[in-house]
Amino acid sequence: MSAAFEVIGGKPLRGEIVPQGAKNEALQILCAVLLTAEPVTISNIPDIRDVNKLIELLGSMGVKVERLAPDTYRFQADDVNLAYLDTPEFIKQARELRGSVMILGPMLGRYGKCQLPKPGGDKIGRRPLDTHFLGLQKLGGELKVEGPDFYKMTVSGKLSGAYMLLDEASVTGTANILMGAVLAEGTTSIYNAACEPYLQQLCKMLVRMGAKIQGIGSNLLVIDGVDKLGGTDHRMLPDMIEIGSFIGLAAMTGSEITIKDCQIPELGLIPDTFRKLGIKLEFRGDDIYVPAQDHYEIATYLDGSILTVSDHTWPGFTPDLLSIALVVATQAKGTVLIHQKMFESRLFFVDKLIDMGAQITLCDPHRAIVIGLDKRNTLRGITMTSPDIRAGVALLIAALSADGKSTILNVEQIDRGYQNIDGRLNALGAQIKRI
């Protein structure tokens with residue numbers, strides 16, 4: 001029986017909350033420990049299901065894992081067990097976790113071989129892995145597909161540098177190719193590379209380990225391969241998706257919340273996008289203060305036409321926060337078009353919001369028009385199921401703002417991305433019971 005949240009809505013929250021470490025950074029940074037035989041210490045690791053499963057997978061592969069503090073681990077990959085990749089246990093572990101694809105680049109760069117079942121993850125539409133494989137093939141990796149969903153990559157000798165133009169600016173694809181390229185012979189140029197802060201963090205960590213990378217933060221990375229990498233210490237960024245979620249939560253529930261230690265320069269357009277939805281924010285040092293607001297109004301374009309909020313590659317607005325922006329808009333004054341370009345199943349949770357009383361027209365799998373209720377008509381509590389991590393938290397925010405009791409089923413999805421979310425929000429005055 002899966003867990004559920006029972007939420008009593010309509011209560012304003014108040015207080016301070018600290019965002020967890022960034023999940024999307026963790027999945028790359030943790031796999032980078034495979035690139036060296038020396039110890040690597042990583043702090044601000046979020047205690048969430050997807051990250052814990054990846055740490056377990058690394059341990060099963062023979063990486064020494066030592067927990068130094070609740071959010072800090074020391075890893076040492078000086079005796080990786082390549083034979084483990086041939087076992088049913090490895091296939092089961094890797095299949096449960098989409099982040100497992102990130103071992104490909106490091107394993108191919110250091111050991112010249114890796115294999116992987118098709119990884120799992122969110123059901124948010126097609127998420128092809130072609131960018132990963134095509135890039136590693138350009139470096140000299142040979143791909144063999146066995147059956148419908150098992151991939152083997154090998155390289156005769158060492159990977160060798162190459163020029164490549166990525167077909168999409170995939171964050172995980174760029175990271176995987178980058179981790180292969182740092183140990184390749186010669187120079188690799190990756191054009192149309194992703195340049196998200198998470199990827200910049202990975203680049204900086206690899207440079208501290210001895211890698212030679214130019215163009216960090218741009219869409220052209222130039223990597224001169226080195227023979228080996230050393231150990232390092234690394235602290236992860238706070239999770240920008242959590243920060244955006246807490247901004248949306250404060251607005252929807254009319255709450256006064258201070259979000260601590262946000263690394264504001266790394267948030268890109270996130271604060272300004274929420275300001276366009278009418279939310280007041282103040283930067284206080286590195287904290288974001290959201291005052292209690294009874295009312296917030298969506299901006300229009302200069303000519304008075306309806307605002308569009310859409311996702312884009314960095315530094316555009318992250319697709320992971322579109323579901324939060326959509327929920328926030330349901331109680332704003334005004335109208336907005338939400339355009340989810342990257343995934344075709346991410347907006348399907350709007351039927352639950354319509355059942356709660358929201359005014360939303362789903363135009364097609366990628367676009368929804370939201371007509372804000374201006375808090376005149378509150379949403380009403382219902383029973384609903386969380387379809388994926390981000391929609392799950394959007395529904396939780398809707399439930400916290402709604403009249404009466406809501407039940408959210410399948411909260412394992414939320415646990416995959418958010419650490420103790422019920423406990424942390426209850427500390428601010430929310431009423432969330434895990435049943």
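The largest nonpolar core of this predicted model has 79 residues. Ile259, Phe274, Ile288, Leu326, Leu353 and Leu425 are the residues with the most contacts inside this core. Helix α12, residues 389-401, supplies the largest share of the core, 10 residues. Apart from this core lies another one, of 71 residues, with Ala26, Met61, Tyr151 and Ala162 among them. In soluble globular proteins, nonpolar side chains tend to be buried together.

Leaving aside residues up to four places away in sequence, Phe274 touches Gly244, Ile247, Gly248, Ile279, Phe317, Leu321, Ile324, Ala325 and Val328. Of these, Ile324, Ala325 and Val328 are among the buried residues of helix α10. That helix covers residues 322-329, and eight of its eight residues are buried, so α10 is largely enclosed by the rest of the structure. Its buried residues also include Leu322, Ser323, Leu326, Val327 and Ala329.

The loop between β17 (307-310) and α10 holds Pro315. A cis peptide bond joins Trp314 to Pro315, with omega about 10°.

Helix α8, residues 240-253, contains Ile243. Ile243 has 0% relative accessibility and counts as buried. Beyond its sequence neighbours up to four places away, Ile243 touches Pro19, Pro238, Ile259, Cys262, Leu267 and Ile288. Two of these partners, Ile259 and Ile288, are listed among the residues with the most contacts in the largest core. Between Ile243 and Arg346 there are 103 residues of sequence separation and a C-alpha to C-alpha distance of 20 Å.

Not counting residues up to four places away in sequence, the contacts of Val63 are with Val33, Leu34, Leu58, Phe75, Gln76, Ala77 and Val80. Val63 and Gly217 are 154 residues apart in sequence, and their C-alpha atoms are 30 Å apart in space.

Most residues other than glycine have a negative phi, and most peptide bonds are trans. Asn44, in the loop between β3 (40-43) and α2, has a positive phi of about 65° although it is not a glycine. With a relative accessible area of 12%, Asn44 is buried. Asp261 also has a positive phi, near 50°, and lies in the loop between β14 (256-259) and α9 (270-276). At 45% relative accessible area, Asp261 is partly exposed.

These details belong to a chain with 14 helices and 23 strands. The radius of gyration is 22 Å, close to the 22 Å that the globule rule gives for 435 residues, so the chain is as compact as a globular protein of that length. The C-alpha trace spans about 65 × 50 × 45 Å along its principal axes. Of the 435 residues, 57% are buried. Among contacts with a separation of 6 or more, 73% are between residues 24 or more positions apart.

The accessible surface of the chain comes to about 16,800 Å², and 50% of it belongs to carbon and sulfur atoms. The chain carries 45 positive and 50 negative charges, whose mean positions are 2 Å apart.

Definitions and conventions: Residues numbered from 1 in each chain as written. Predicted model: local features only at pLDDT ≥ 70, side-chain atom pairs only at ≥ 80, totals over all residues. Heavy atoms only, no water. Core = buried A, V, L, I, M, F, W, Y, C linked by side-chain atoms within 4.5 Å. Buried < 20%, exposed > 50% of the residue type's maximum accessible area, 1.4 Å probe, protein only. Helix = DSSP H or I, 4+ residues; strand = E, 2+ residues; numbered from the N terminus. Contact = heavy atoms within 4.5 Å. Rg over C-alpha atoms; globule rule 2.2 N^0.38 Å. Areas by Shrake-Rupley, 256 points an atom, 1.4 Å probe, with all protein chains shown as cover. Lys, Arg positive; Asp, Glu negative; His and termini not counted. Charge placed at Lys NZ, Arg CZ, Asp CG, Glu CD.
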